[in-house]
Structures are given as C-alpha cells and as structure tokens.
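I opened this entry to keep track of what I looked up, one topic at a time. The structure comes below, and my notes follow.

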Amino acid sequence: MSNVRNIVFDCNETLLDLATVTPVFQRLFNDPGAMRLWFQELITYSQALTIADVYIPFTDIGGAVLDKIAAARGVDITPADRGELTDRFATMPPYPDVPEGLKRLKAAGFRLFTLTDNTAAISGRQLTHGGIVDCFERRFSVDDTAKRHKPAPEAYAEVTQALGAPPSEMCLVACHTWDTMGAHAAGWQAGLIKRVNNDVLDTAAQPQYVGKDLNAIADQIIAQNGR
Amino acid sequence: MHDPYLIGRRPVLAGIGAVALATAFLPRGARAQALDRPPSVLVFDVAESLLDLQALRPLFQRLFGNGAMVDEWFGQTILYSETETLTSTFTPFGQLGGGVLRMLGRIHGIPITETDIRELGVGLAALPPHPDVPDSLRRLKGAGYRLVTLTDSPATPGRGPLQAAGLSDLLEQQFTAESVRRYKPARETYQMVAQAMGAKLSDLCMIASHPWDLIGARAAGCSAALIRRTGVAPLILPGLKQPQIIAPTLTEIAEQLIQLKHA
C-alpha cells in the first residue's frame, strides 16, 4: 500500500482528445499524420527551449511549430489557420472514460488537480468547454510561476509547494512517458494512460499504474491507496 | 528519395543566396544577424546533418511497413534524450534509441527483437554522408577552419561512419554528449567543446540541420548555421536567437564561411 492523496492530471491528450485538431492538419497538409508530427515537435521544442532557459508560452510554440512544418512542406498558412488550430486546441472534448474516472477518484476521497503546459487561460477554456472544470480543486499551469515546461523539476515543485504536500502523497496521471519521467524525478508516483500512439519506454523509470483508460488507472490507484 | 536540393516539394534555385533565403523565412524585426567575423572552430552535428539517416528506411519498412517511420523513431529518440536531460537522468543514446524502437513496436503491435536492435545499431554506424558533405568539409579545412563534431551518440574516432566515408582525418576531434552525461541542447555540451578546443563559446559555430540543437548553441553564445535539408525549416519565435546562416546545403554554408575568411 502507498500513501497517495493528491492526484495531478496532465490535460492535453491525457484528459482531452487531441484528435480534435486533426482536421486542421488534414486540410492544410492533406496528411492526417502531420498532427502527430506537430505534437511531437511541439514537445521537442518546449523541452529544447526549457533546456536552453528560454520560456515561451506553449500555444506560441505550437503556432511556431505549425509555421515550421508549413515552411518545410512549402505550404502557405494564414493567421486564420493558426487561429483555427488554437480554437480547436482550446475546445478539445474529454475522452469518454474521463468524467466517470474523475468522479470515482473523487468519491474515493482523493484530491484532484491539473498541471498543464498550457497557460491557465487556455486550460480553463479547455476544461470548462469539456464540462469537467469543477472536478478539480485547483488548476496549475507551468505559465503561473515555474515558467519552465514539463518535465522540468520546477513544474512539479510548483504544485507540491503550493499544496505543502510531500512528494510521496503525489501521483501524476498522464498519457506521455516524458511526463511520468518528470513526476518520477520529482519523487511522485505516476500513472500512464496508454492513449493512441503512447506506451511505456522500458529504458526509463516505470509508472506505478499503467492502463488503457482512466478507469483502469483509477481501479489501480484506489486498490493501492484505498481510503 | 532524398534530394538535398529539394526543400519540401519545391526545387530551390541554386542562384538564391543563403542570406536572402535566411531572411525570407524570418518575420519583420527578426532578421538573421550576419556573422561579422569568421568563427575559429566549426562544430558539426552528425546524424542527419552530415549523414543521411534515410539510409535506415529499409529497416523501418521491414518492421513497420513504412520506411518514413525512421523520422518518427529519430524524433522520439531526440524528444526522450531531452527528457533525460531535464530530469537529470542519462541513458546512453544507443540504448535509448533501442528503447524507443521497442516503444514504437508496442504502440504499433509489432514485436521488436534483439536482432532488430542490433540491425539498427549496425545501420547507424554505416550511414552514408550527404552528397554535399565531403567536398564542403575539405574546402572548409583547406580555408583554415578547425573542424570538430559534437554528437549525442558515442564518438567513434578511428571507426564509424565518418571514418568509413574517409572524412575523419578532416576532424580535429569528435565530441560526444556522453562525456558530460547531458544531451544537446544542454549548455554543458557546447561548453565542453569550447574548453577542449581552448576557444570561447563565441568562437564556435554549430552547424546542424536541427533547429533544436542550434537553439541551445545560440543560447550558450555560439554562432550557428542551419543546413535546411529536405523537411527542415527554422523555428521562428519573437525573441528567439536565430542561426546566422541558413542555406539548403552545406555547400552554400561553406561558401559563406570561406568568404568570411577572405573578408
């Protein structure tokens, strides 16, 4: 048995369905696979900029990566295209398993939070639109004080400091192994939801909970930390 | 399959100057700042920048039925190398690349064997140089530049793909991020090169086809040149230092650097 009390959720692709932005890439590049490339490069560059001690808000990096992919493919894009991407990104709906999984964890007595690379404004818009904003006691954004993107240690420390909680009481739930690696480095537990195109990396520290959706993760967290 | 003279789907006119190309991609107020003096040490990235990673396509075609998966594998390996640096962990690049290949196998429901991992390693050690590389390196060396490499993967002086291509004699040293156990674009990697070469960071020019590498080099105080090969474009953001030279092949970059020597 372990002692997790606080569960911190990643948002993009973990709770919210990233496939919502695919039509933008289909229309601009006639290639639905370009969405995956865009998100991969978005993370690659948010990490690279963080390593280089340059802070730029996440959606600004996302717009620049869209420009970069368009330039590489010789496609012209307009401010309206960039606006459509931001709009779709800000209104991604939750996956069907999310509302129930959140309710069960809350009913089991866990305190629920979010920690996102997005600004608080974008994240608030996402979760409000998705109808799940009230599930969370408090929402954290790396944009608030850390000004470093996940998986920088400062991002996770922002949460534990604000809650005054020891790392052993914290668990991150995400669908990205790079995020669970950050949680592990911070001394937190982690759960990995294996959303489409995501899985464990066996060379890295392993998450304590791995499942195909949030309900599978919730079962394991409740079983190990039942309260 | 992989023509360095094509950018995206558009052929590039050989006559377009690199400076014109560089500024064409930058927004108003973010013009590339030209180099006003020659750097003393040219630091080359290797995989994709000097060597053609697309030579690995047959392996990915065999495993995933899609040769282009090589790009996703390399991109994810870079992403996770950055994660290791941000979380102060270090897995050697070859092991990390093998782990990422197995991760992609799990995602796509394809079992990856030890033999597949070995084949990846053998393929990486035998990547051919891009066609513009041998001549450009020889000309830069002939113009008096000191040439070194800086890679995330292990350095292989005396063997490896640069030796096989007959290029390693042109290189004064081959540096690897493994020595500092932090991957590019960590400042420590560029600092290690400057220190070993007895040069200041501002005397180094990092040359790569990866904007993420050059973001780190510029932040550390080096100058930078982006080889804008197929599928490559700079990342442009207000306040982000851009490479001073952007050109579609190493040939144009070498020309500009040699002109600086004569200026």
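**Entry 1: where the chains meet**

I began with the contact between the two chains, which takes 39 residues from chain B and 34 residues from chain A. I note here that the model is a predicted one.

I then looked up which helices of chain B face chain A. At least two residues of that side come from each of α3 (69-86), α4 (93-108) and α9 (211-220) of chain B. The largest share is that of α3(B), with nine residues. I sorted the residues on the chain B side by class and got 22 nonpolar, twelve polar and five charged.

**Entry 2: chain B overall**

I looked up the make-up of chain B and found ten helices and eight strands. Of the 263 residues in chain B, 48% are buried. I also checked the contacts in chain B with a separation of 6 or more: 63% of them join residues 24 or more positions apart.

**Entry 3: the nonpolar core**

Which residues have the most contacts inside the largest nonpolar core? I found V43(B), M206(B) and I207(B), in a core of 137 residues. The helix that gives the most to this core is α2 (residues 34-51) of chain A, with nine residues. As background, I wrote down that nonpolar side chains tend to be buried together in soluble globular proteins.

**Entry 4: a helix pair in chain B**

I took up helix α8 (residues 187-196) of chain B together with α9(B). Their axes come within 9 Å and cross at roughly 65°. Is the crossing of α8(B) and α9(B) left-handed or right-handed? I recorded a right-handed crossing for α8(B) and α9(B).

Next I listed the residues that meet. On the α8(B) side they are R187(B), Y190(B) and Q191(B), and on the α9(B) side G216(B), A217(B), A219(B) and A220(B). By class, this contact has four nonpolar, two polar and one charged residues.

For chain B, the division is into domain 1 (6-50 + 127-262) and domain 2 (53-124). Here the contact takes twelve residues from domain 1 of chain B and eleven residues from domain 2 of chain B. The domain 1 side in chain B has six nonpolar, one polar and five charged residues.

**Entry 5: backbone exceptions**

I kept the backbone for the end. Most residues other than glycine have a negative phi, and most peptide bonds are trans. I searched for exceptions.

The peptide bond from K150(A) to P151(A) is cis, with omega near 5°. P151(A) sits in the loop between β3 (138-141) and α7 (153-163) of chain A. In chain B, the bond from K184(B) to P185(B) is cis, with omega near 10°. P185(B) is in the loop between β5 (173-176) and α8 of chain B.

I then looked up positive phi values in residues other than glycine. E13(A) has phi near 75° and lies in the loop between β1 (6-9) and α1 (22-29) of chain A. Is E13(A) buried or exposed? I counted E13(A) as buried because 21 other C-beta atoms lie within 10 Å, and the cut-off for buried is 20 or more.

K147(A) has phi near 50°, and its place is in the loop between β3 and α7 of chain A. With 16 other C-beta atoms within 10 Å, K147(A) is partly exposed.

Conventions:
Residues numbered from 1 in each chain as written. Chains lettered and ligands numbered in written order. Predicted model: local features only at pLDDT ≥ 70, side-chain atom pairs only at ≥ 80, totals over all residues. Contact = placed C-beta atoms within 7 Å. Helix = DSSP H or I, 4+ residues; strand = E, 2+ residues; numbered from the N terminus. Nonpolar A, V, L, I, M, F, W, Y, C, P; charged D, E, K, R; others polar. Core = buried A, V, L, I, M, F, W, Y, C linked by C-beta atoms within 7 Å. Buried ≥ 20, exposed ≤ 12 C-beta atoms within 10 Å, placed from the backbone. Axes fitted to C-alpha atoms, helices over the stretch in contact; angles between N-to-C directions. Left-handed = near helix turned anticlockwise from the far one by under 90°. Domains from an automatic or database assignment.
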